[in-house]
Amino acid sequence: MDRRNFLKASAAGGGLLAAGAGTPAHARGNREVPPEALGLLYDSTLCVGCKACVAACKQANGMPPEFSTEEHLWDTPLDISGRTLNVIKVYRSGSARNKDREQDGYAFIKKSCMHCVDPSCISACPVSAMQKDPRTGVVSYDKDACIGCRYCVAACPFGVPRFTFESATPQISKCQLCRHRWKDGGYAACAEVCPTGATLYGRLTDLKQEAARRLAAKPGAPMVYPRGRLGGPDQSYPGVSAAYVQHLYGEKEFGGTQMVMLAGVPFEKLGYPGLPPVSDASSSETLQHTLYGGLVMPVAFLGLLSWVARRNVKSADDEEDPHHG
Amino acid sequence: MAEHAAAPLGGRLLTPVTVLLGALAAVAGIILLFRFFHGLGAVTNLSDGYPWGIWIAYDVVVGSALACGGYAIALLVYIFNRGEYHPLVRPALLASLFGYTLAGASVIFDLGRWWNVWHIFWPGYAQPNSVMFEVAVCITAYIFVMWIEFSPVFLEKLGMKDARRKLSKVLFFFIALGVVLPSMHQSSLGSLLVIFGRQIHPLWQAGWLLPLLYLMTAVLLGFAVVIFEAAAASTGFRRSTETAILARLSGLMFWLLAAYLVVRVADLVLRGALGSAFAFSLEAVMFWLEMIAFALPLLLLGSRAARARPSRLFVSAVLLMAGGFLLRINGFLVGYQTGDGWHYFPALPELLVTIGLIAFEVLAYIVFVRRLPVLPRAAAAAR
């Protein structure tokens, strides 16, 4: 084969790959919200930054304190980590006088697992250590399956799965919506202890309805705010509607999430990125399924190359055999 | 068969060079021992913002691409039937064998829960939607295939003619596998970045074109490494250079490189990403370094006469290796940003492990070519 044929063949091979990549034959689309999806509604305007949820989360998950001050007096995590699954952060601007105001204001924001409808961590994990419950949609982690490759840590657009790098037997840490507390009638500890209902637990459909109700209310209008869990015992209290940014974060972002959020300050300012409506998992899996679906392309490629190689190896042998016994 | 013309180089194994290489490898071994008792955090600068460092980005992603010599030459000799390149097969395959075996070993060093690594291959755990799954299975399979491809060398050394003949009857299948598998995982190493979405800078987030870009550069790097190794072996072992054959090889490399640059630049233009190359940022600087490393060989190897000059060939090969290195490091580290406030530069022990692994690889190569029939016999006389 001369150079021209080599180039032709290379171009054909490259073309095949490009065509395969360009025409997603197995477009898989975003996953659907599970029928009984559970989740959280976090309302930044209700949060008072007391961090009771941070302490309760630590306790419920048996995690050690982290210190960021000189005197190790109490748990002061600055971010989620291998030992902290939930934190409340603060946004500050200018004089920081007004709550939930972008200019010269401040606002609180919760950081924990979003329980994506179509999670990158699950698609990335090579050993099924990350699972999405088919009924509740809770994204769980199994350390006994995990190989510690940290592809989930790198893939998550929210930077949620964390890793205990300092341990010789490390593991991934992430919120699992306190699924281990369900059997005793408990639910997400952060929502259970929240004094203002800023973190609310419940079915995603109910939470979204509640969010819609809040977004529809006029700022300053009287409002009743539930606490704890939607559909649980009534712990509601009267309040006043806040001035919301008209955006339920997590409704569309990234194919949707099961923790959804309301705020008075744009979410980019609160550390939540603008994300496209298509999940990265669906892009990645569409590509993989197009190239490797049913192993059709690799097997056909192997068959072709075996045939070519057999011919070429033979001809080489025939030429050389007389010279070497 | 031209393979029969290969012969051991002979010569001393204990030299200042091999002792230095051995010492570097030993240092890496001690650091790794420490890592297994005290965790990744004790020896690396990894963080939740940069969960992958050079042990993945260099040792695996770059390392395996630099080990594509065997793949590229097998493609040429057995698939495109270019028998004249046959003398390059064994040395290239040997370097690939070590490169890949050590890339595989590096994965174990990097895995936090390494004792579970078998889960990747175990039904019930294995998760085929994961790009990582595809990469891991294909690389593992390829390492085995390469040892089988290379086994005639051992069989010849041991005088097992019968086994050698039997193997040669089915070798075509392993040769085909040895082309299919790297095509799959070298492209998938690029696909690993797809799921990172917007966390990858637009200059490197090529989406569904990533597999094509990584595959083309893997073959390019394969050719470049063969030229580099041939030059290094002829200098190090004082052998005559195979300039004629390398010049022809660089001709192929030239056209493939041109095609790659067309795809790379067209993608950037069509995605509207080229603008960010003119920003004042580390990403932009690294991008231009990468592009210059790829573009210069296009100028250096433009004419047939230029390709016949060993110095030009060598410089071009080194530049291409740098370009492939930068494309991967830029994609996996420089262009990766998961949020504000995260920084990564490898820690000294982390670097020493990577350096030690490279040293071990070179050391093993020297031992093998001195003791086993790898390099072409005709040129072996000088030593």
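What pLDDT does chain A average, and what share of the residues score at least 70? Chain A averages 90, and 88% of the residues reach at least 70; pLDDT is the predictor's confidence in each residue, from 0 to 100.

This is a predicted model, in which local features need pLDDT of at least 70, side-chain atom pairs count only at pLDDT 80 or more, and totals for chains, interfaces and linings use all residues. Residues are numbered from 1 along each chain as its sequence is written, with chains lettered from A and ligands numbered from 1 in the order in which they are written.

Over residues 18–22 of chain A, pLDDT stays under 50. Where pLDDT is low, the predicted coordinates should not be read in detail.

Next, the two chains. In total, 60 residues of chain A are in contact with 67 residues of chain B, contact being C-beta atoms, placed from the backbone, within 7 Å. Elements giving two or more residues to this side of chain A include helix H1 (3–22) and helix H7 (280–292). H8(A) gives the most, with 13 residues. Helices are DSSP runs of H or I, at least four residues, numbered from the N terminus.

Last, chain B. Helix H9 (residues 282–300) of chain B has 19 residues and reaches 27 Å from its first C-alpha to its last. Its buried residues (20 or more other C-beta atoms within 10 Å of their own, C-beta atoms being placed from the backbone) are Met286(B), Phe287(B), Glu290(B), Phe294(B) and Pro297(B). What covers them includes helix H8 (243–270) and helix H11 (310–334) of chain B.

Notes
Two residues are in contact if their C-beta atoms, placed from the backbone, lie within 7 Å. The expected span of a helix is 1.5 Å times one less than its number of residues. A residue is buried if 20 or more other C-beta atoms lie within 10 Å of its own, exposed if 12 or fewer, and partly exposed in between; C-beta atoms are placed from the backbone.
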